[in-house]
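Please look at the structure below and work through the questions that follow on its sheet, its helices and its cavities.

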Amino acid sequence: MTRPNILILMVDQANGTLFPDGPADFLHAPNLKALAARSVRFANAYTASPLCAPARASFMSGQLPSRTRVYDNAAEFASDIPTYAHHLRRAGYHTALSGKMHFVGPDQLHGFEERLTTDIYPADFGWTPDYTRPGERIDWWYHNLGSVTGAGVAEITNQMEYDDEVAYHATRKLYDLSRRLDDRPWCLTVSFTHPHDPYVARKRFWDMYEDCAELAPQVGLPAEPDPHSQRLLEACDYRNFAITPEHVRRARRGYFANISYIDEKIGEILDVLERGRMAEDTVVIFVSDHGDMLGERGMWFKMSFFEGSARVPLMMAVPGWAPGRVETPVSTLDVVPTLAGVAGIDISALAPWTDGTDLAPVAQGAGRAAVPMEYAAEGSVAPLVALREGRYKLTLCAADPPMLHDLEADPGELHNLAGDPAHAEVLAGLRAQAEARWDLVAFDAAVRESQARRWAVYEALRNGAYFPWDYQPLQKASERYMRNHMDLNVLEESKRYPRGE
């Protein structure tokens, strides 16, 4: 079997409701729209957890946070958990990462043979939540609404500098791969931090949305938010920010502009793939770690199971797969078994420890079991879990009443049907599935134990000499360009590709 190359294009905090069938019409995203036209578009794809590090560990391993133990943005991702990078590398693939994956802990590779950039976020335990202090904000790293009030234009920011570097190293790597000096198939993961807030964009992208009709949310702040939403509002310090409609418009405009910014970067990468004559043999996947509420229900960022936060874009251009739209709910957990399938890798021995499903049959019309989600980080006081099956989504938490939403009849999730006798059977069926999957008491105890351990370790490691875990990219200058241990004739010939017309 010919094993395809794999290019994974990951973005951060992309709201899946804006990708109902590829990018929404109003988005200026020509490169993603062209990719969508040749992809299977999973219209109802969900994150495993609506927060960066837990979502990414689950995406890479195919396991929920309760298994990876990456409960929040400061929880270590253990080295003995296999990722798709391990599976592919074990099978003979070259694996490389350019960009963000928010690995916490001393292992900053997790199966990648090569990492081209550092990460944008810290790798230590400093962002650990504390369930023993419910409602207390940790001001120096918890989100607040300054990203909303500070939305606007800039030509360079911390985040732009990072993504410019990610794209540069990704294109340089693709040029290198095009030389065919290594006969192994490859998997390159390119992971950007945009359109994650702050909602600040370059002027030429900002100007694309001057007359955009989508700058106002469709659903306002409910008179009585559910308990978890109220906690998230408090966690974002919303009482100390007077958010005006103009603030909201500018924040959404900056967000949309940064989708266009990322689209341009993706276009550069796909262009090199094409000119390097690798496009026909390469699987291309576009995905996000989680979404962004974008002011819907008065909420911003992620951390909830509402559609804006939990639903993500997922498009797969796979040789032999017919392009089209798939409505069946799926998960980012499904990427690991799907990649194994397209690469011809048998990971059946690990099946008992994975929560994902190979999407090849789903792309052809097969079903999928209920999609699970978990959240146990800032803004919560106990773990939350959710199931999406068919048209319904159930959310459970030991601290809160259950929530059941019919997403076909109520896409804005305005009506909680958990107390509706007409939906008692649906509620009972989903609750039975949830209770078979999760022990919420044990889950809560595990999270609290993890938090306590990490607070103790973090305080110890910051006392005295400090050795950071942040990834330091190795630049082998002595092996680049022309050096005296190289034969110039061989060098020039080997570095040129493609040759001729």
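Q: Which strands does α9 lie across, and at about what angle does α9 run to β7?
A: In this predicted model, helix α9 spans residues 245-275, and the strands that it lies across are β1 (5-12), β7 and β9. Relative to β7, the direction of α9 makes an angle of about 160°.

Q: In what order do the strands of the open sheet follow one another, and which are the edge strands?
A: The open sheet has eight strands with mixed pairing, in the order β5-β4-β7-β1-β9-β11-β2-β12. A strand at the edge pairs on one side only, and this holds for β5 (114-115) and β12 (324-326).

Q: Which residue of β7 is the bridge partner of G99?
A: Strand β4 (residues 94-99) and strand β7 (residues 186-195) run parallel and are joined by six bridges. Within β7, the residue that partners G99 is S191.

Q: How are α6 and α9 oriented to each other, roughly parallel or roughly antiparallel?
A: Helix α6 (residues 158-178) packs with α9 at an angle of about 10°, and their axes are 9 Å apart. Angles under 35 degrees count as roughly parallel, and the two helices are therefore roughly parallel.

Q: What is the volume of the largest cavity?
A: Four cavities of 30 Å³ or more are found in a search of the whole structure. The largest cavity is lined by residues including L145, Y238 and W300, and its lining has seven nonpolar, one polar and one charged residues. The volume of this largest cavity is about 70 Å³.

How values were computed: Residues numbered from 1 in each chain as written. Predicted model: local features only at pLDDT ≥ 70, side-chain atom pairs only at ≥ 80, totals over all residues. Heavy atoms only, no water. Axes fitted to C-alpha atoms, helices over the stretch in contact; angles between N-to-C directions. Helix = DSSP H or I, 4+ residues; strand = E, 2+ residues; numbered from the N terminus. Parallel < 35°, antiparallel > 145°, perpendicular 65-115°, else oblique. 1 Å grid on protein atoms, 1.4 Å probe; cavity = no way out; pocket = protein on both sides within 12 Å on 5 of 7 lines; lining within 4 Å. Points joined across faces, edges and corners; volume = space filled by probe spheres on them. Nonpolar A, V, L, I, M, F, W, Y, C, P; charged D, E, K, R; others polar. Pairing = 2+ DSSP bridges. Contact = heavy atoms within 4.5 Å.
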